[in-house]
Amino acid sequence: MVSVTLPDGITHIEDEAFYECNALTNVKLPASLICLGYQSFANCRNLTFTSPILPESLTTMSSRAFWNSAIKDLVFPAGLTEIASETCSGCFALEHVVISEGTTTIHSNAFDGAKKLTEATITLPSTLKEIGSYAFQNVEGITSLSFLPDGLEKIGGYAFSGCSIKDKV
């Protein structure tokens with residue numbers, strides 16, 4: 001299996017549907033998709049996507065959806081109000097993330113170890129209220145917290161541990 005185009009009409013991709021499919025290099029998700037299950041594309045070490053990766057219809061994404069995969073760019077759609085825990089944890093190739101307006105919470109370890117991200121390549125919405133524990137742990141490219149939105153209310157423990165923050169507190 002190298003490339004997959006999922007047909008329109010599919011609304012759910014269940015838990016671990018493509019888990020550890022290392023031969024999988026490209027997936028085009030259907031516009032009808034509303035839910036990605038637990039570890040649905042986790043540990044797919046060669047996986048890239050046809051843009052846009054996540055359809056605007058997506059409203060639910062379970063933990064570890066892309067854990068330890070090779071995705072490089074990810075735009076979370078406006079209908080997704082929460083980024084689940086460990087969604088992109090260990091995504092060694094992830095270079096660019098846009099979290100759309102409407103998202104209020106980034107859960108624990110969401111981007112833990114996504115070492116290629118920097119504050120310049122992460123876009124956070126003004127609607128963001130909470131960043132969970134360890135959410136950006138070991139994202140060594142983060143050197144400043146200037147990208148955090150003004151309305152942010154809570155930052156969990158160790159959210160930025162292992163980062164290279166140089167801002168004065």
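**Sheets.** I count two strands as paired if DSSP finds at least two bridges between them. Strands themselves are DSSP runs (E, at least two residues), numbered from the N terminus. I keep in mind that this is a predicted model, where local features need pLDDT of at least 70 and side-chain atom pairs count only at pLDDT 80 or more, while totals for chains, interfaces and linings use all residues. Residues are numbered from 1 along each chain as its sequence is written, and side-chain values use heavy atoms, with hydrogens and water left out.

I looked up an open sheet of three strands and found the order S1-S3-S5, with parallel pairing. Strand S1 (3-5) and strand S5 (48-49) stand at its edges; each has a single partner strand, so one side of each lacks a neighbour in the sheet. I then checked how strand S3 (residues 26-28) is joined to S5: two bridges, with the strands running parallel. Asn 26 has Thr 48 as its bridge partner in S5.

Another open sheet has three strands in the order S2-S4-S6, and its pairing is parallel. Here strand S2 (12-13) and S6 are the edge strands, each pairing on one side only. I found two bridges between S4 and S6, in the parallel sense. Leu 36 has Met 61 as its bridge partner in S6.

**Core.** For a nonpolar core I take buried Ala, Val, Leu, Ile, Met, Phe, Trp, Tyr and Cys residues joined through side-chain atoms within 4.5 Å. Buried means under 20% relative accessible area, exposed over 50%, and partly exposed in between (1.4 Å probe, protein chains only). The largest such core has 49 residues, and Phe 41, Phe 66, Phe 76 and Phe 111 touch the most other members. Strand S7 (73-76) and strand S9 (96-99) are the elements that give two or more residues to this core.

I picked Phe 66 and listed its contacts (heavy atoms within 4.5 Å). Leaving aside neighbours within four places in sequence, Phe 66 touches Leu 36, Phe 41, Ala 42, Phe 49, Leu 54, Met 61, Ile 71, Leu 74, Thr 87 and Cys 91.

**Rings.** My rule: rings of Phe, Tyr and Trp (its six-membered ring) pair if their centres lie within 6.5 Å; planes under 30 degrees apart are stacked, over 60 edge-to-face, and the rest tilted. Searching the whole structure gave me eight aromatic pairs. In one of them, the rings of Phe 41 and Phe 66 have centres 6.0 Å apart and planes at 10°, so I log the pair as stacked. Phe 41 lies in the loop between strand S4 (35-36) and S5, and Phe 66 in the loop between strand S6 (60-61) and S7, so the pair ties together parts 25 residues apart in sequence. Phe 41 is buried at 0% relative accessible area, and Phe 66 is buried at 0% too.

Phe 136 and Phe 147 make an edge-to-face pair, 6.3 Å centre to centre with 85° between the planes. I place both in the loop between strand S12 (130-131) and strand S13 (154-155), so this pair ties together parts eleven residues apart in sequence. Both Phe 136 and Phe 147 are buried. I also noted one aromatic cluster made of Phe 76, Phe 111, Phe 136, Phe 147 and Phe 160.

**Ser 85.** Is Ser 85 buried or exposed? At 18% relative accessibility it counts as buried. I find Ser 85 in the loop between strand S8 (82-83) and S9. Leaving aside neighbours within four places in sequence, Ser 85 is in contact with Ser 63, Arg 64, His 107 and Ser 108. Ser 85 and Ala 135 are 50 residues apart in sequence, yet 7.9 Å apart C-alpha to C-alpha.

**Cysteines.** How many disulfides does the structure hold? I found zero, taking a disulfide as a pair of cysteine sulfur atoms within 2.5 Å. The sulfur of Cys 44 has its closest cysteine sulfur in Cys 21, 5.3 Å away, which is too far for a bond. Cys 44 is buried, at 0% relative accessible area. For Cys 163 the closest cysteine sulfur is in Cys 88, at 15 Å, again too far for a bond. Cys 163 is buried, at 16%.

Note on methods. Helix = DSSP H or I, 4+ residues; strand = E, 2+ residues; numbered from the N terminus.
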